Amino acid sequence: MEGTGRAEIRFSTGKEEWVRRGTARVAFAGQNLEMEIDFAPDGRSPGFRARNRTVDGEFYLLDGIPGQEGWFHDVNAAGAQRSDLFNIDPRSVLTLLEPTVGFEEVGRDEIDGQPVRHLRATRTDQAPPLNFGMGSTEGQDMKQLDVWIDEENIVRRIDVRFSTTLASPSAGEILVKDENGDTRKIPTGEDSLEPKTVTTHSSYSARFYDLGAAIEIVAPVDVTRVEGKG
């Protein structure tokens, strides 16, 4: 496959009363990556498109007023790799997951005319963090994991679903981060109320195609250098 391919990812994430949905298109060639993410309107804000590239360890972001966007080069993100933003490699993700999640075969199907086996994880709580381009799933509670693999054990599709419940701070305290990035609770002096629980749901469905195709991802021209957070 020589490390090239494309993926289309349908995703949703949010709470019961507010869910953000969209579609991402990913192209990868070695450690170079290009992502285009369309966020659908959600009732609170209009839809929008995000686009970025990682080329030779450098990160580029398309940003600006719609119709007047420009490319920005984040010089603090030097050394960026595809796996930092998108670690679902269809050639190796099965090897990453299989030792811990206990796959079982649940059926057979076809994808793009190729026969595939449908596998489902039996121990989702043991799965390592994944990143579909919208941030790592570390700390989320995986509820379901399905993969469809071809005769060469290459993943042609992967579906993942999460449901995570956390207790929000009470009215008498707030959450702050110290200089080490650790989170702790600080009393506000107000009467404390019982903390509320908040449940978030997220799901991702990625289909891979054009594996092994001639894909070239190059740095954009006319970029503006910025010093981001890296």
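Q: How many strands form the open sheet, and in what order?
A: In this predicted model, 12 strands form an open sheet in the order S7-S8-S9-S10-S13-S1-S2-S3-S4-S5-S6-S14, with mixed pairing. Strands (E, at least two residues) and helices (H or I, at least four) are DSSP runs, numbered from the N terminus, and two strands pair if DSSP finds at least two bridges between them.

Q: Which are the edge strands?
A: S7 and strand S14 (224-226), each of which pairs on one side only.

Q: How many bridges join S10 to S13?
A: There are 11 bridges between S10 and strand S13 (residues 197-209), and the two run antiparallel. The bridge partner of Arg-157 in S13 is Arg-207.

Q: Turning to H2, which residues are buried?
A: In helix H2 (residues 93-101), Val-93, Leu-94, Leu-97 and Val-101 are buried; buried means under 20% relative accessible area, exposed over 50% and partly exposed in between (1.4 Å probe, protein chains only).

Q: Why are they on the same side of H2?
A: Because they cover an arc of only 80 degrees around the axis, taken from the directions from the helix axis to the C-beta atoms.

Q: What do the buried residues of H2 pack against?
A: They pack against strands S7 (103-111), S8 (114-121), S9 (142-149) and S10 (155-167), where contact means heavy atoms within 4.5 Å. The face turned away from the buried side carries the exposed Thr-95 and Pro-99.

Q: Is Ser-12 buried or exposed?
A: Ser-12 is buried, with a relative accessible area of 16%.

Q: What are the ground rules here?
A: Residues are numbered from 1 along each chain as its sequence is written, and side-chain values use heavy atoms, leaving out hydrogens and water. Local features need pLDDT of at least 70 and side-chain atom pairs count only at pLDDT 80 or more, while totals for chains, interfaces and linings use all residues.
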